[in-house]
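Dear colleague,

I am handing over the structure below, and would ask you to keep it open while you read. My notes on what was found in it follow.

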2 protein chains.
Amino acid sequence: MRVEYEKMVEVFERILTSRGLDSDDASLAARIFADNSLYGVISHGANRFPRVIDYIEKGDIDVKARVETIFSTPLFERWECHRGLGFLNAAKGMARAAELSDVTGIGIVALKNNNHWMRGGTYAQWAAERGYIGICWSNTTANMPAWGAKDPRIGNNPLCIGVPRKSGAPFILDLAMSQYSYGKLESTRLSGKKLPYPGGFDEEGNLTDNPQSIEKSRRVLPFGYWKGSGLSIALDLVVTLLTNGNSVMDIGGFGNEVGLSQILIALNPEKLRIEDMDDIVSRNLEYIKSSEPVDAKRKVSYPGEGLYRAKSANEENGAIEVVDEVWNKILSYL
Amino acid sequence: MRVEYEKMVEVFERILTSRGLDSDDASLAARIFADNSLYGVISHGANRFPRVIDYIEKGDIDVKARVETIFSTPLFERWECHRGLGFLNAAKGMARAAELSDVTGIGIVALKNNNHWMRGGTYAQWAAERGYIGICWSNTTANMPAWGAKDPRIGNNPLCIGVPRKSGAPFILDLAMSQYSYGKLESTRLSGKKLPYPGGFDEEGNLTDNPQSIEKSRRVLPFGYWKGSGLSIALDLVVTLLTNGNSVMDIGGFGNEVGLSQILIALNPEKLRIEDMDDIVSRNLEYIKSSEPVDAKRKVSYPGEGLYRAKSANEENGAIEVVDEVWNKILSYL
C-alpha cells in the first residue's frame, strides 16, 4: 500500500508518544523513521519501526534515559547515553557538533553507551543539508571475521561522510565495512538470485556469490578483503577511545547489539574559510558523473544521488510504498 | 647489498644538503627515506630516492619553497606549500597538528599545493609512536575510474590512521583506495604471477587477476568496487575543501602529480580524557589476533605489525637490503 509522508509521521508520533517519549523526542524520532522511508531506505524506516517498539516494550531501550555530558571542551563533548534511543541521541549529537563548529570551526560529539542509530547516513545528510561537512561513524557488534580469520571478531562499523551541494543532491556516503549487509544477503536469497560479486566465504572457505552459503558460514567478506578489515579495526579503536565506550569486542559479549560507541563530527565551512564550496563540489561531482560509462545506458552516479532520486519518486507518487503487512503491524500499535 | 641504517642516513643527508636543502631539512628528509627502508617499504625509501633527486634537479620540486600559514585558528592551520618537498611538509604538518592538539585536544593542518608525501603511513606512525592518534590523507592525480566508469577520474587517495600501543606494534593503517597499487601490478607481472584477487578490468571490461591486462586498460579496481570508489570521492572532496587546494580533477590536468592536497590530524588522548588507552588498544588487538585463522600456520595480524616485523628483521641483520643498482645510483649523486 501507499502511505502519505505526513500520515506516516503522525502515526509514528502517536505510537512513540504512547510508549513514553516526550513530545519533542517523539516528533524528531517520527521524522527520522518517515525520512528514512521517504529517501528509499525503508529497511531503516517503516520496516524497522515495529522492532524498535518491541525493544521499547521489552525494556531493551529505555526511552526515559537522558544523556549526560560527562566531558566537554569548546569543540568536543562526550555524552553518556545510558542506552537510550540511539537514533535520537545521534541526531542530537550531530546537531550539537554543528553548534560547536559554529564557534570553533570543528565540533565533535562522542556518544558512549548509545543504542543502534539505524541509518548512519541520516546524520551526515542532516549536516550536509544545513551547509556543514558531516562525518560520523558507529561501531557494531562483532559480525564479521577479520581478514584471514574464520570467527566474527570485527564489526561492519558504518562510516558516513556528507558534503553540502546546493545545486543538486549533496554527497552522502554511507559505508558499512562488509561488502554486503545481512539484509542484502537475505533479499538476494529470497529473490533466488546470486550476489553481483562474491560477498563472503562458504563453509569450505571458498569465496562465493551464493547468499545462502554465507548466511550459513557467517563469514561475511570485508569490502576490499584486508582493506575493509583494517579500516573496520581502525574505526572501532578510534571510536572506542574517543567515547571511553564499548568496543566491538565488548558489544559482542552483551548478547544484544546495545551500548554502542559513535562519533559525530561537523565542520563549519565559513569558520574554516572554505572558499567557493558549492562551485567546487559541483564541478568535481559533475566531472566524475561525465565519465565514460561502462554501460552506455547507465550514467555514472555519486553516493547520495540515489537517496534524492527515491525521494523525488515518492513525492511524485504522493506517498511512500509500504508492504501491507508492515503497515498493518504498525497500525496495531496505535 | 646491505647498507647500515646510519650509513644510509648519512649518505642521503649529504646528497640532499648538496642539492640545496638546509641542514635541518636534509636531516629530517634523510631519516624519512631511511625509515621507510628500515620499515620494509623500500619502494618509498632507497628505491624512491633517485627519482626525488631527479625531480629536484629538473626543478619540479623547489627545495627552497617555504610554507606559509595562510589561515589559522587555535586548532586548525592551512598552509600554502608552494610545491615544496611534499614529505617534509607532511612531516612538519603532523608535528604541528600534534602541537595544536597539546592545547586544544585536536589539531589539524591542511596542506595546499604540496607535493607527493611518499608513504602516508609515515605521518600516522610518527603520531602513534609519540602517543597521539594520527589521521591523515592525501589526494592524488586521477588514476582510477569511478565505479561504473571506464576513464580514470578519481584518485587512489591514501588514508592513514595510527593508534598508539606501548606494549607491541602500534596500529598503522595505510590504505590506498585502489585494490592494488601500480607497483604491485608491476612486481606481480615481473614475477610472472597472477594477483591474489581480481585487481581491475581488462580491455573487454571483464574483472581480471592478470596484472598486465590491467596495466594495459588502466582500469584499476577501487577496493570493494563501488565502496572504495565512494570513499575516494569523499576523501578528495573533504581535503580539497579544507585546503582550498587542488582536487583530483585539477591535479589530473597538471601533467605531473604535483600540487596535491593533504590533511594531517592529531588527537591528544590526555587532553581528550581518554582512559586506559594502552590497555584498551592491546586487549582489542589481541582479541582480533587470537581469532581462529583460516590457515592454521598464519596467525591473524593487524595493520602495522608488518612494519615492525620488517624493522626487527633489518635490525637483526644489522643492515638493510638494497638492490646493488639502486645503491650505486644513489652513491653516484655524492
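**Helix packing in chain A**

In chain A, helix H2(A) packs against helix H4 (residues 86–104) at an angle of about 95°, and their axes are 10 Å apart. H2(A) and H4(A) are therefore roughly perpendicular to each other, since angles of 65 to 115 degrees are counted in that way. Please bear in mind throughout that this is a predicted model. On the side of H2(A) the contact is made by A:Asp25, A:Leu28, A:Ala29 and A:Ile32, and these meet A:Phe87, A:Leu88 and A:Ala91 of H4(A). By class, the residues of the contact of H2(A) with H4(A) divide into six nonpolar, no polar and one charged.

H2(A), which spans residues 23–38, also packs against helix H1 (residues 5–18) of chain A, here at an angle of about 140° and with the axes 8 Å apart. H1(A) and H2(A) are therefore oblique to each other, and their crossing is right-handed. Among the residues of H1(A) in this contact are A:Tyr5, A:Met8, A:Phe12 and A:Leu16, while H2(A) contributes residues including A:Ala26, A:Ala30, A:Arg31 and A:Phe33. The contact of H1(A) with H2(A) holds eleven nonpolar, four polar and two charged residues.

Chain A is divided into domain 1 (1–64 + 321–334), domain 2 (66–178 + 224–289) and domain 3 (179–221). Between domain 1 and domain 3 of chain A, the C-alpha centres lie 30 Å apart.

Chain A also has an open sheet of three strands, in the order S11-S10-S12, in which the pairing is antiparallel. Strand S11 (207–208) and strand S12 (219–220) of chain A are the edge strands, each of them pairing on one side only. Strand S10 (residues 200–201) of chain A is joined to S12(A) by two bridges, and these strands run antiparallel; the bridge partner of A:Gly200 in S12(A) is A:Val220.

**The seven-stranded sheet of chain B**

In chain B, seven strands form an open sheet with mixed pairing, and their order is S2-S3-S4-S13-S5-S8-S9. At the edges stand strand S2 (68–72) and strand S9 (171–175) of chain B, each with a single partner strand, so one side of each is left without a neighbour in the sheet. On average, and with direction ignored, neighbouring strands of this sheet are turned by 15° against each other.

Strand S8 (residues 159–163) of chain B pairs with S9(B) in the antiparallel sense, over five bridges, and B:Ile161 stands opposite B:Leu173 in S9(B). Helix H4 (residues 86–104) of chain B lies across strand S3 (76–80), strand S4 (106–114), strand S5 (133–138) and strand S13 (260–267) of that chain, and runs at about 155° to S4(B).

**Where the two chains meet**

How many residues of chain B are in contact with chain A? There are 60 residues of chain B in contact, and they meet 60 residues of chain A. On the side of chain B that touches chain A, the elements giving two or more residues are strand S7 (152–154), S8, S9, helix H8 (226–243) and helix H10 (277–289) of chain B. H8(B) supplies the largest share of that side, with eleven residues. Taken by class, the residues on the side of chain B that touches chain A comprise 38 nonpolar, 14 polar and eight charged.

With best regards

Notes
Residues are numbered from 1 along each chain as its sequence is written. Chains are lettered from A and ligands numbered from 1 in the order in which they are written. This is a predicted model: local features need pLDDT of at least 70, side-chain atom pairs count only at pLDDT 80 or more; totals for chains, interfaces and linings use all residues. Axes are lines fitted to C-alpha atoms, for helices over the stretch in contact, and angles run from 0 to 180 degrees between N-to-C directions. Helices (H or I, at least four residues) and strands (E, at least two) are DSSP runs, numbered from the N terminus. Angles under 35 degrees count as roughly parallel, over 145 as roughly antiparallel, 65 to 115 as roughly perpendicular and the rest as oblique. A crossing is left-handed if the near helix is turned anticlockwise from the far one by less than a right angle, and right-handed if clockwise. Two residues are in contact if their C-beta atoms, placed from the backbone, lie within 7 Å. Ala, Val, Leu, Ile, Met, Phe, Trp, Tyr, Cys and Pro count as nonpolar, Asp, Glu, Lys and Arg as charged, and the others, Gly among them, as polar. Two strands pair if DSSP finds at least two bridges between them. Domain bounds come from an automatic or database domain assignment.
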